[in-house]
Amino acid sequence: MQSLAILPCELDDNCEALREEVRAFLAETLAGVPAVVRAQNWSGSDPEFSLKLGAQGWIGMRFPKQYGGHERSALERYVVLEELLAAGAPVGAHWVADRQSGPLLLRYANEETKNALIPKIARGELRFCIGMSEPDSGSDLASIRSRAERIDGGWRLNGTKLWTSGAARAHYMIGLFRTDPNAESKHQGLSQFLIDMKTPGITARPIKDLLGGKHFCEVSFENVELKGDALIGKEGDGWGQVTGELTLERSGPERYLSSIQLLLEMIDAASKHDTHQVIEIGRLVADIATLRQMSLGVAGLLARGENPALLAAMVKEQGAQLEQRMPEVAHDLFGVQVGKTGTPLDEVMSFTVQAAPSFSLRGGTKEILRGIIAKGLGLV
Ligand SMILES: Cc1cc2nc3c(=O)[nH]c(=O)nc-3n(C[C@H](O)[C@H](O)[C@H](O)COP(=O)(O)OP(=O)(O)OC[C@H]3O[C@@H](n4cnc5c(N)ncnc54)[C@H](O)[C@@H]3O)c2cc1C
């Protein structure tokens with residue numbers, strides 16, 4: 001077995017001062033927002049809120065000042081994310097752009113694209129979506145069939161993306177397409193593209209989820225023509241680029257804090273004289289504390305320019321398990337059930353029970369993550 005080290009990561013005084021600032025801003029900005037709305041957490045979205053956050057300098061915190069960013073530390077950014085998630089702030093309009101599309105463009109896009117888009121991302125103006133999964137390619141992402149063919153001066157795209165969160169309202173997609181169908185292996189011949197969602201030939205059809213929401217979509221591409229500079233990075237390097245992107249997608253505090261509102265409601269409803277309640281809620285809090293240390297460890301490694309894909313997979317796999325256990329604990333301790341209304345605990349429970357199945361699917365299923373962990377540890 002290979003060795004695995006998660007280096008401890010301390011938050012300095014700067015971070016704690018920033019935390020107070022963010023808390024004060026959120027207390028004022030989100031005053032009166034009901035618990036069941038906060039429960040939507042990072043899937044909740046309010047473009048006005050994103051603009052306000054951008055004006056505070058809390059989006060694009062790691063981006064270079066040259067592109068409208070703020071050059072803050074990875075841990076300062078982590079603290080802001082924690083506070084946003086803990087407060088149930090509606091961050092969905094800018095989350096993907098800030099977390100992964102912006103960093104990807106900074107690394108691989110040309111100067112013109114960076115100058116045009118990164119400042120807008122940092123101001124909270126742009127929504128991005130992630131075009132990876134397809135009808136027959138989810139876990140086995142490298143089997144995608146959507147094609148990008150070279151044409152005079154650019155590219156022509158054809159194919160279908162599936163489960164694309166926020167596609168119907170996104171300004172841009174970063175999409176993975178097959179540029180060489182004859183490559184030696186399925187991991188080769190893939191490339192990423194920056195796609196303006198208004199380009200003719202793109203149709204995003206929303207799909208209803210368990211909660212009745214229509215946040216994810218089927219996106220079809222019919223002879224969509226892009227200019228040559230829509231290619232991100234190098235032709236054929238898409239697989240390596242996507243794996244780096246997935247590390248950013250899997251390791252953040254949203255992977256263990258997206259059901260935090262249910263825990264907060266349980267704490268409010270609990271009695272300190274009920275030993276069963278105290279023990280079970282204590283267990284959940286201890287698990288969150290452990291995951292937080294792991295996730296902070298990943299933030300530290302990312303800040304040092306490493307690619308901690310193994311640790312990121314561990315955070316996501318463990319985080320999803322914890323979050324899916326949360327409604328079971330709420331049912332066991334308080335008898336709350338789906339459809340019951342009356343108290344914030346009832347309403348948040350109804351929401352979380354229906355949202356929870358997706359936690360071990362979105363961003364990579366638990367079985368796939370366990371495979372990555374096993375490989376990373378040299379066990380298979
Ligand atoms: C809420 C939500 C939001 C999403 N947003 C996006 C998005 O924005 N962009 C995007 O590109 N995708 C998105 N997805 C798609 C998500 O990434 C896929 O659902 C996921 O990767 C699984 O793919 P699949 O649905 O095709 O299932 P499949 O790959 O068909 O898997 C079905 C089942 O088989 C298991 N399985 C598959 N292969 C193996 C194996 N080798 N070993 C063991 N078990 C295996 C899986 O773990 C799973 O349980 C989203 C999904 C959800 C639920």
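Why are E16 and R19 separated by about one helical turn? The two are three residues apart in helix α1, and therefore about one helical turn lies between them. Helices here are DSSP runs of H or I with at least four residues, numbered from the N terminus, as are strands (E, at least two).

The model is predicted: local features need pLDDT of at least 70, side-chain atom pairs count only at pLDDT 80 or more, and totals for chains, interfaces and linings use all residues. Residues are numbered from 1 along each chain as its sequence is written, and side-chain values use heavy atoms, with hydrogens and water left out.

**First stop: E16 and R19.** Select both side chains. They form a salt bridge, with the closest N and O atoms 2.8 Å apart. A salt bridge is a side-chain nitrogen of Lys or Arg within 4 Å of a carboxyl oxygen of Asp or Glu. E16 is partly exposed at 33% relative accessible area, whereas R19 is buried at 7%. Buried means under 20% relative accessible area, exposed over 50%, and partly exposed in between (1.4 Å probe, protein chains only). The whole structure holds 21 salt bridges.

**Second stop: two further pairs.** Select E76 and R72, whose side chains meet in a salt bridge at 3.2 Å, N to O. E76 is buried at 8% relative accessibility, while R72 is partly exposed at 26%. Then move to helix α6 (residues 111-122), where K114 and E111 are three residues apart. Their salt bridge spans 3.6 Å, N to O. K114 is buried at 11%, and E111 is partly exposed at 40%.

L4 is in the segment before α1 (13-29). Show L310, M314 and L377 with it, since L4 touches these residues, not counting those up to four places away in sequence; contact means heavy atoms within 4.5 Å. L4 and L377 are 373 residues apart along the chain, yet their C-alpha atoms are separated by 7.4 Å. L4 counts as partly exposed, at 37% relative accessibility.

**Last stop: D346.** Select helix α12 (residues 344-355), in which D346 lies. D346 counts as buried, at 5% relative accessibility. Beyond residues up to four places away in sequence, D346 touches V336, K340 and T341.
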